[in-house]
Amino acid sequence: METSQKAIPRLALDSSTTVFGVIGDPIRQSKSPIMMNRAFRETGVNGVYAAFHVSPERLGDFWLGVRAMGIRGVNVTIPHKLDVMKHLDYVDDAARLIGAVNTVVNNGGMLTGYNTDGIGYVRSLKEEVMPVLKGKRIAVIGAGGAARGILYALLGEEPELVTVLNRTEERAQELAEAFSGCGNVQALSSAGDAADAVIRSADLVVNTTSIGMYPYVDDMPLDVSLLRPDAVASDLIYNPLETAWLARARELGCRTHGGLGMFIYQGAYAFEYWTGLPAPVQAMRETVLQALQAPSAT
Ligand code: NAP
């Protein structure tokens, strides 16, 4: 494991530097450039990673530019994760089923799209708090864009059952149907006794909604008293680093897992797809943590 004590090597740009980046609209809040440039410095890869503000009507032009300039890798964020697919040569099967691409690899002008959000989440969950998901009972709260990748990756771990609980029950049903071929999954409204019973019996409860995200940091996505003290409580939100319900769950004895790890590992997978090297995860985490804890971060 790499140490954070050593001096961080400087980035030296020259005529061999490979270009990477992230596109979104907006994009200036993104922590990906500082994280990925740190990863290049740590590993000695001669690369540079920039943030590109690309509006939906310029998306096609952007990919022409990627091919023309030989930009090696691109991360894709809101609002382009779906529309990007029509500009690519290949889309990985998982990304197609999830319905979103967040990582593009450019191999000599041939563009391939992947989704590293869900697998990034599960890698972080397993490394940080819950090494084995096989046979577990899982409650996923929320059925939006982020829930899709999470559900796909969780089902790949062969849990006993995943229940999607959502305010709008039809959206949860739609999600459960879309992924029914991947494992044992059911859907319920997040309000009512049946949902409460699911939380009471869950080994892992994951919040994929935006409830509790800055600035509404006191809001909670569920009644925390329903959690078993031996359950794992997990949240995709990383601003704040520990949401109100995770803090409460921790006080009740639950193991907790915040959203920072998902962000780090989705980037780690992208780095590995682009470079073939193991990502320097500790250094990436340290850099993002410093940025999030800076006074101007919120
Ligand atoms: P989204 O597509 O807008 O989905 C939002 C979900 O939250 C829906 O299921 C929605 O329910 C539910 N919801 C929102 N407000 C609610 C409320 N007041 N009461 C009950 N349910 C509510 O959002 P998303 O893109 O999936 O993102 C969700 C969260 O994941 C965000 O906080 C985002 O920051 C986080 N995220 C983190 C990472 C990471 O790297 N850690 C990556 C991606 C996303 P309805 O269907 O009923 O509207």
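Me: How much area do domain 1 and domain 2 bury between them, and what share of it is on carbon and sulfur atoms?

Reply: Buried area is the accessible area, taken with a 1.4 Å probe, that two parts lose on being put together, summed over both; here domain 1 and domain 2 bury about 1600 Å² between them, with 66% of it on carbon and sulfur atoms. Ile-98, Met-262 and Tyr-265 supply 41% of the area that domain 1 buries against domain 2, more than any other three residues. This is a predicted model, in which local features need pLDDT of at least 70 and side-chain atom pairs count only at pLDDT 80 or more, while totals for chains, interfaces and linings use all residues. Residues are numbered from 1 along each chain as its sequence is written, and side-chain values use heavy atoms, with hydrogens and water left out.

Me: Where do the two domains lie in the chain, and how many residues of each are in contact?

Reply: Domain bounds come from an automatic or database domain assignment, which gives domain 1 as 18–115 + 262–293 and domain 2 as 118–258. The C-alpha centres of the two domains lie 26 Å apart, and, with contact meaning heavy atoms within 4.5 Å, 17 residues of domain 1 are in contact with 18 residues of domain 2.

Me: Which residues of the shell around the ligand are the closest, and which helices each supply at least two residues of that shell?

Reply: A residue is near a molecule if one of its heavy atoms lies within 4 Å of it; 20 residues surround the ligand, the closest being Ala-143, Ala-146, Asn-166, Thr-168 and Leu-236. Helices (H or I, at least four residues) and strands (E, at least two) are DSSP runs, numbered from the N terminus, and helix H5 (145–155) and helix H9 (260–275) each supply at least two residues of the shell.

Me: Which atoms lie at what distance from an oxygen atom of the ligand?

Reply: A polar contact here is a pair of N or O atoms within 3.5 Å. An N or O atom in the side chain of Thr-168 is 2.5 Å from an oxygen atom of the ligand, a polar side-chain atom of Arg-167 lies 2.9 Å from a ligand oxygen, and a backbone N or O atom of Gly-145 lies 3.0 Å from one.

Me: Where are the cis peptide bonds?

Reply: One joins Asp-25 and Pro-26, with omega about 10°, and Pro-26 has its place in the loop between strand E1 (18–24) and helix H1 (32–43). Another joins Tyr-214 and Pro-215, again with omega about 10°.

Key. A polar contact is a pair of N or O atoms within 3.5 Å; within protein, one must be able to donate a hydrogen and the other to accept it, and residues adjacent in sequence count only if both atoms are side-chain atoms.
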